[in-house]
Amino acid sequence: MKQFKFTLAVLGLSLAASTAGAAGVANGDFSGGLTGWNKAGNVAVDTTNQFGAPPAGFSAQAVLGTADSSGFLFGGSAVAAATLESFGGLSAGSLSGMSATVGSGLSTDFVAAAGERLSFQWKFMSNDPQGSPADDTAYVVLDKTTFIKLTSVNSASFVGGSASPLFDETAYLTFTSAPLSAGAHSVSFGVYDSLDTLGASALAVTAVQLAPVPEPASVLLLLGGLGLMGLLRRRSKP
Ligand SMILES: [Ca+2]
């Protein structure tokens, strides 16, 4: 009976964790356009696969571009590196010090339960060829302090060609953060032109969400283990 109660308690805990995770990131799939998000520069939501299809299960993607006036980047004009730095909460000169000239950003605030991880799906697209000194870069900033480079022209693994109007792309990849502390957090995406403002680049993002803790697989393993323990205990009785 004690065993049964303990299993129920574990189930209750995992359900509570899932419920907390459901609060997550509001409009992280951009089905509501840019509602709940702040933007700087050239950012828009693509719902017509103009930049290729979003990952399976999603129907929209936010696209951040570096171009000022290219017809295929439809969200306005990119902003100066200094504007992008303050938008992302980065110190002055941190992006321009990496040769950033102009770019665009997209951010939101969210609340996490202890141990939850932030995940999102992203792809980088560029007209700058690999080997170019202009190393256009896509990045994410967590909590206005932690700068994480997603990729750049010279470190990207381009799949060859692109389903977008740009020449090359990485196809969609998944980012997962380290476990977060309980409470308020922020995430800020960015893409910038390097050295010059030629050769547009873009970052597509969707599926921004919190992974619940404990993960379903480990809960199943735990429940399976508890069940086995109960079985062994029953069998060991005379
Ligand atoms: Ca460029």
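What follows is a short exchange on how terms apply to this predicted model.

Me: What makes A207 count as buried?
Reply: A207 has 20 C-beta neighbours inside 10 Å. The cut-off for buried is 20 or more. A207 meets that cut-off, so A207 is called buried. The residue is found in strand β12. Its phi is positive, about 55°, although A207 is not a glycine.

Me: Why is N27 called partly exposed?
Reply: N27 has 17 other C-beta atoms within 10 Å. Buried needs 20 or more, and exposed needs 12 or fewer. The count of 17 falls in between, so N27 is partly exposed. N27 is found in the loop between α1 (2-23) and β1 (38-40). N27 also has a positive phi of about 55° and is not a glycine.

Me: Why does P129 count as partly exposed rather than exposed?
Reply: P129 has 13 C-beta neighbours inside 10 Å. P129 is found in the loop between β6 (117-126) and β7 (137-142). P129 and G199 lie 70 residues apart in sequence, yet their C-alpha atoms are 8.4 Å apart in space.

Me: How do you know that β2 and β3 pair?
Reply: Pairing takes at least two bridges between the strands. β2 and β3 (residues 61-65) are joined by 5 bridges, so they pair. They run antiparallel. As one example, V43 has L64 as its bridge partner in β3.

Me: What makes β2 mostly covered?
Reply: Of the 5 residues in β2 (residues 42-46), 5 are buried. N42, A44 and D46 point one way, while V43 and V45 point the other way. Both sets are buried.

Me: Which residues touch the most other members of the largest nonpolar core?
Reply: They are A62, L64, L84, A202, L203 and V205, out of 53 residues in that core. The elements giving two or more residues include β2, β3, α2 (81-87) and β12 (201-211). β12 gives the largest share, 7 residues. Beyond its neighbours within four places in sequence, V205 is in contact with Q61, A62, F120, W122 and F189.

Me: How many helices and strands does the protein chain have?
Reply: The chain has 3 helices and 12 strands. Of its 238 residues, 42% count as buried. Among contacts with a separation of 6 or more, 75% are between residues 24 or more positions apart.

Me: What is the average pLDDT of the protein chain, and where is the pLDDT below 50?
Reply: The average is 85, and 77% of the residues score at least 70. Over residues 4-22 the pLDDT is below 50. That stretch has 17 contacts in the model beyond near neighbours in sequence. Where pLDDT is low, predicted coordinates should not be read in detail.

Notes
Residues numbered from 1 in each chain as written. Predicted model: local features only at pLDDT ≥ 70, side-chain atom pairs only at ≥ 80, totals over all residues. Helix = DSSP H or I, 4+ residues; strand = E, 2+ residues; numbered from the N terminus. Core = buried A, V, L, I, M, F, W, Y, C linked by C-beta atoms within 7 Å. Contact = placed C-beta atoms within 7 Å. pLDDT = per-residue confidence, 0-100.
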